[in-house]
Amino acid sequence: MKSYKFKINGKDYAVTIGEAEGKMLSVNVNGADYQVELENAPAAVPAAPVQSAAPAAATPSAPKPAAPAGAGEKVNSPLPGVIVEVSVKEGQAVKAGQKVAVLEAMKMENEIPAPKDGTITAIHVNKGDSILEGAPVVTIA
């Protein structure tokens, strides 16, 4: 594993790059684990640690444990911003279109809706977290 410190828009990120499997790379950003897909990966990505990469997403300050693999569909942030409200709890049933969180971006509040009916199996953010576009917000099974 290789560790880096990044400063993005004045905010510090501690990034640890794990092992690559094909085009997928394990990345830990400020204590939260992510699986990152490499767009321009070489034909055979070595199993040794990758020497450089940018963080996939800004992370929660106190992440909750992730749901087991395949335990639902991740609802991702549509744009970068700050989480101003988490409207659901783990285990809560939700309907398609129901607000799961509110993201402030460019001085506007944007509701993040559930894409389908289901149950919240994981919450990946906390109020006040800065996140990047595509960062997971919740997981719905």
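Biologist: Is Thr139 buried or exposed?

Modeller: The model is a predicted one. Burial is read from the relative accessible area, and a residue counts as buried under 20%. Thr139 has 4% relative accessibility, so Thr139 is buried. Thr139 belongs to strand β12.

Biologist: Which side chain makes a polar contact with Thr139?

Modeller: The side chain of His124 does so, at 2.7 Å.

Biologist: Which residues does Val137 contact, beyond its neighbours within four places in sequence?

Modeller: Val137 also lies in strand β12, which spans residues 136–140. Its contacts include Val75, Asn76, Ser77, Ala101, Ile112 and His124. Asn76 is 61 residues from Val137 along the chain, yet 5.4 Å separates their C-alpha atoms. Val137 has 0% relative accessibility and is therefore buried.

Biologist: How many residues form the largest nonpolar core?

Modeller: That core has 17 residues, and Val100, Ile120 and Val138 have the most contacts inside it. At least two of its residues come from each of β8 (99–105), β10 (118–123) and β12. Another core lies apart from it, with 11 residues, among them Ile17, Leu25, Val29 and Val36.

Biologist: What does Ile120 touch, not counting residues up to four places away in sequence?

Modeller: Among the residues that Ile120 touches are Val88, Val94, Val100, Val138, Thr139 and Ile140. Ile120 also touches Lys89, Glu90, Gly91 and Gln92.

Biologist: How should I read the pairing of strands?

Modeller: The strands of a sheet pair through backbone hydrogen bonds, in a parallel or an antiparallel manner. In this model, β8 and strand β9 (residues 108–113) run antiparallel and are joined by six bridges. Ala105 stands opposite Met108 in β9. Two residues lie between the strands of this hairpin, where Met106 takes a positive phi near 55°.

Biologist: What is the order of the strands in the open sheet of four strands?

Modeller: The order is β1-β2-β3-β4, and the pairing is antiparallel. At the edges are β1 (2–8) and β4 (32–37), each of which pairs on one side only. From one strand to the next, the twist averages 30°. Seven bridges connect β1 with the antiparallel strand β2, residues 11–21. Ile8 stands opposite Lys11 in β2.

Biologist: How many aromatic pairs does a search of the whole structure find?

Modeller: An aromatic pair is described by the distance of the ring centres and the angle of the planes. The search finds one such pair. The pair consists of Tyr4 and Phe6, with 6.0 Å from centre to centre and 35° between the planes.

Biologist: Why is this pair of Tyr4 and Phe6 called tilted?

Modeller: Planes under 30 degrees apart count as stacked and those over 60 as edge-to-face, so the 35° angle here falls in the remaining class, tilted.

Definitions and conventions. Residues are numbered from 1 along each chain as its sequence is written. This is a predicted model: local features need pLDDT of at least 70, side-chain atom pairs count only at pLDDT 80 or more; totals for chains, interfaces and linings use all residues. Side-chain values use heavy atoms; hydrogens and water are left out. Two strands pair if DSSP finds at least two bridges between them. Axes are lines fitted to C-alpha atoms, for helices over the stretch in contact, and angles run from 0 to 180 degrees between N-to-C directions. Buried means under 20% relative accessible area, exposed over 50%, partly exposed in between (1.4 Å probe, protein chains only). Contact means heavy atoms within 4.5 Å. Rings of Phe, Tyr and Trp (its six-membered ring) pair if their centres lie within 6.5 Å; planes under 30 degrees apart count as stacked, over 60 as edge-to-face and the rest as tilted. A polar contact is a pair of N or O atoms within 3.5 Å; within protein, one must be able to donate a hydrogen and the other to accept it, and residues adjacent in sequence count only if both atoms are side-chain atoms. A nonpolar core is a set of buried Ala, Val, Leu, Ile, Met, Phe, Trp, Tyr and Cys residues joined through side-chain atoms within 4.5 Å.
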